[in-house]
Amino acid sequence: MIKIHPPFSPDRFTYHVLLIQSCKSVDLSLTPVHQVLNLMTSNGFPPNKFSTDIAVRTLCSLGREEQAIELVKELSSKDSPPDTYTYNFIVRHLCKNRPLSTMNNFIKEMREGFDIKPDLVTYTIMIDNVCNCKNLREATQLLGVLSEEGYKPDSYVYNTIMKGYCMLSQGGEVLGVYKKMQEEGVKPDLVTYNTLVYGLSKSGRVKDAKQFLNVMMEEGHIPDAVTYTSLMNGMCREGDPLGAVALLEKMEARGCAPNSCTYNTLLHGLCKARLLDKGMKLYDVMKQNCMKLETGSYGTFLRALCRNGRVAEAYEVFDYAIESKSLTDVAAYTTLESTLKWHKKAIEQGLVV
């Protein structure tokens, strides 16, 4: 192309296409990649931050994280370091696909070898990762390191840590993070309040969760379906499904439309509390709105119907689950079969009529 048709000489985009293909080579070493990078340099297109990003993302997509790290260090030594997007992409990718030690080693090597330091986004990725691993002690330590490095944690960072405590049903710790957030002058957002309501409800502190429903409205945040459904779930867990139904009415009166998760939560709660007639009314509303049944509410609903001798209606619910594609045919049938077996055994033992 260069010799015979100069007007059609390759540009940087052309070389980047070659670079992508070199990363996909059957040769698992970096030799093909080096060949293209050398070709780019000799033809007046030395690798830049976009070249680095393209190569790193391609190698990582193929599970070749070690080569990606090796290439980044090599290019960094040649005054072509990764930008923050590429750097944080690697950190995020290592979090998902490699042991935590690999990510920590990469951050340490880049800091010590090339003076490339993690930024607020990097720490947020790290905190999210340790929270997902339920290592909240490490998350708290990282929060301290973040401050030492001169970064002020934002609402996203605090929300991430609160989410981690929610996974452990530690409502008190969730509340503690919220208080620390306020002390640091970070303004809570809708996600903050939704996480608070969810965490407190899940850990059995429904009274506190209700208070924050009012607080968030006073702060100008409008509760959404997630907020109300979390609180309803907590109320049902406490054995107050009728209170949850009353909350549904308030929710709708405030102009917030319930979703499928809202109805499934209430259906499950009503059936567990043996309020089957109210559960049937709710189920009828779900059918009218073509809402799908979730696995948990479907199983609880079938058992409640069979417990009350309404087997024919249980079959009807099964048909709806199939027609609405709420569950796979196998899952819906397996649940129905196990419920009928339970019903037969309960009759033999005189537990139900």
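**Core contacts and helix packing**

In this predicted model, Leu293 touches Asn264, Leu267, Tyr283, Met286, Tyr298, Val317, Tyr320, Ala321, Ser326 and Leu327, when residues up to four places away in sequence are not counted. Leu293 belongs to the largest nonpolar core, which comprises 97 residues, and it is listed there with Val91, Phe106, Ile161, Leu196, Tyr298 and Phe301 as touching the most other members.

Among the residues touched by Leu293 are Tyr283, Met286, Val317 and Tyr320, and these four also take part in the contact between helices α16 and α18, to which Met280 and Lys287 of α16 and Glu313 and Glu316 of α18 contribute as well. By class, this contact of α16 with α18 has five nonpolar, no polar and three charged residues. The axes of α16 (residues 276-288) and α18 (residues 311-323) come within 12 Å and cross at roughly 25°; because angles under 35 degrees count as roughly parallel, α16 is roughly parallel to α18. The crossing of these two helices is left-handed.

Asn159, Met162, Lys163, Cys166 and Met167 of α9 make the contact with Val191, Thr192, Thr195, Leu196, Tyr198, Gly199 and Lys202 of α11. Six nonpolar, four polar and two charged residues form this contact of α9 with α11.

Terms used: Residues numbered from 1 in each chain as written. Predicted model: local features only at pLDDT ≥ 70, side-chain atom pairs only at ≥ 80, totals over all residues. Heavy atoms only, no water. Contact = heavy atoms within 4.5 Å. Nonpolar A, V, L, I, M, F, W, Y, C, P; charged D, E, K, R; others polar. Core = buried A, V, L, I, M, F, W, Y, C linked by side-chain atoms within 4.5 Å. Buried < 20%, exposed > 50% of the residue type's maximum accessible area, 1.4 Å probe, protein only. Axes fitted to C-alpha atoms, helices over the stretch in contact; angles between N-to-C directions. Parallel < 35°, antiparallel > 145°, perpendicular 65-115°, else oblique. Left-handed = near helix turned anticlockwise from the far one by under 90°.
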